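This briefing reviews selected side-chain features of one protein model. Please consult the sequence and the structure shown here alongside the points that follow.

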Amino acid sequence: MQKCTERLNCSGKNYSPYSQDSALKFEECNDCGLIWRSEDSMEITKLYEQDYFDSKSYNKRRKHKVKKSGWIIDLANLHHKNISKLLEIGCSIGYTLEAAKNRGIKHLGIDISNFAIDFCTNLGLNAKNISLEDLKNSKSKFDLIYMQHVLEHFTNPFEVISNCNELLNENGLVVIMVPNSEYAKAKKQKANHRFYSIEGVGPEHFVYFNYSNLKTSLEGSGFKVVQQDYPILTGKYYNMNFFLNRIFRRATSIVHSNQELLIIAQKI
Ligand SMILES: [Zn+2]
């Protein structure tokens, strides 16, 4: 049984096969449009140690990635008076933590990869291999929780969203970036696209959202969406690069060619 029945009021009966690449299958909930990993291919998973990071050349263009995370933190800042504590779930090798540190924001990153944690620690960043449950038990609270391409790696994304809500201070924000299930190329190619293929990122992902069902998922868990997609007009913080980059993103989103969704939601 899929989890959208409890959170999105789906019937739980209305699924159709979406893609199949040998044993890796995805199916679509026709009620909410979420694309889930099929129950019978849940055991296909990926390890997140050094090979994983090597294979993706994770540390390439580090400066640019730290900058991009910084832009997003600044964007979130427009919706919050005082972001002083940031949690990144799935902090990888610490681009966002570094951007937070540069802004004088207290940061903590968590990740299931010891390789990633060691990498961050060696850079003087605060990162730990602990679970959301551990954090809840320690009564930690944050003003901003950042999840960049992380939510789709969880078998139960709704539980993660609820945990975020619990871990946030009043008016706290969650920043979510996930792949876009409406991305036209992936929609057309299905199992031949890296989203759903064994050779691509399919084995790492359990769920694909679009703006509509991501928004509903957040609204059903004590959040209101304050920013959907990248803004066209930018605040005083941004430089020309950022501005041009955003205009390009915005233009691609109109024709469903944007691969990534961005949502910022506030705890209510
Ligand atoms: Zn559904």
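Tyr18, Phe26, Tyr183, Phe195, Tyr196 and Tyr208 form one aromatic cluster in this predicted model. Across the whole structure, a search finds nine aromatic pairs.

**Aromatic pairs**

- The ring centres of Phe26 and Tyr196 are 5.2 Å apart and the ring planes stand at 75 degrees, so this pair is edge-to-face.
- This pair links distant parts of the chain, with Phe26 in strand β2 and Tyr196 in the loop between α8 (184-189) and β9 (207-208), 170 residues apart.
- Both Phe26 and Tyr196 are buried.
- Phe115 and Phe119 form a tilted pair, because their ring centres are 6.1 Å apart and their planes lie at 55 degrees.
- Phe115 and Phe119 are four residues apart in helix α5 (residues 114-122), so about one helical turn separates them.
- Phe119 is partly exposed, its relative accessible area being 24%.

**Charges over rings**

- Lys190 lies over the face of Tyr18, at 4.7 Å from the ring centre; Tyr18 belongs to the aromatic cluster.
- Lys85 is placed over the face of Phe142, at 5.0 Å from the ring centre.

**Zinc site**

- Cys4, Cys10, Cys29 and Cys32 coordinate the zinc ion through their SG atoms, at 2.3 to 2.4 Å.
- The site is tetrahedral, with angles of 105 to 114 degrees among the four donor atoms.
- Along the chain, the donors follow the spacing C-x5-C-x18-C-x2-C.
- Cys4 in helix α1 (residues 4-7) and Cys29 in strand β2 (residues 24-29) link distant parts of the chain, 25 residues apart.
- Cys4 and Cys29 are both buried.

Conventions: Residues are numbered from 1 along each chain as its sequence is written. This is a predicted model: local features need pLDDT of at least 70, side-chain atom pairs count only at pLDDT 80 or more; totals for chains, interfaces and linings use all residues. Side-chain values use heavy atoms; hydrogens and water are left out. Donors are N, O and S atoms within 2.8 Å of the metal (3.2 Å for Na, K and Ca); water is not among the atoms, so sites may look incomplete. Four donors count as tetrahedral if all angles lie between 85 and 135 degrees; four count as square planar and six as octahedral if opposite donors are over 155 degrees apart and all others between 65 and 115; anything else is irregular. Helices (H or I, at least four residues) and strands (E, at least two) are DSSP runs, numbered from the N terminus. Buried means under 20% relative accessible area, exposed over 50%, partly exposed in between (1.4 Å probe, protein chains only). Rings of Phe, Tyr and Trp (its six-membered ring) pair if their centres lie within 6.5 Å; planes under 30 degrees apart count as stacked, over 60 as edge-to-face and the rest as tilted. A charge sits over a ring if NZ of Lys or CZ of Arg is within 6 Å of the ring centre and within 35 degrees of the ring normal.
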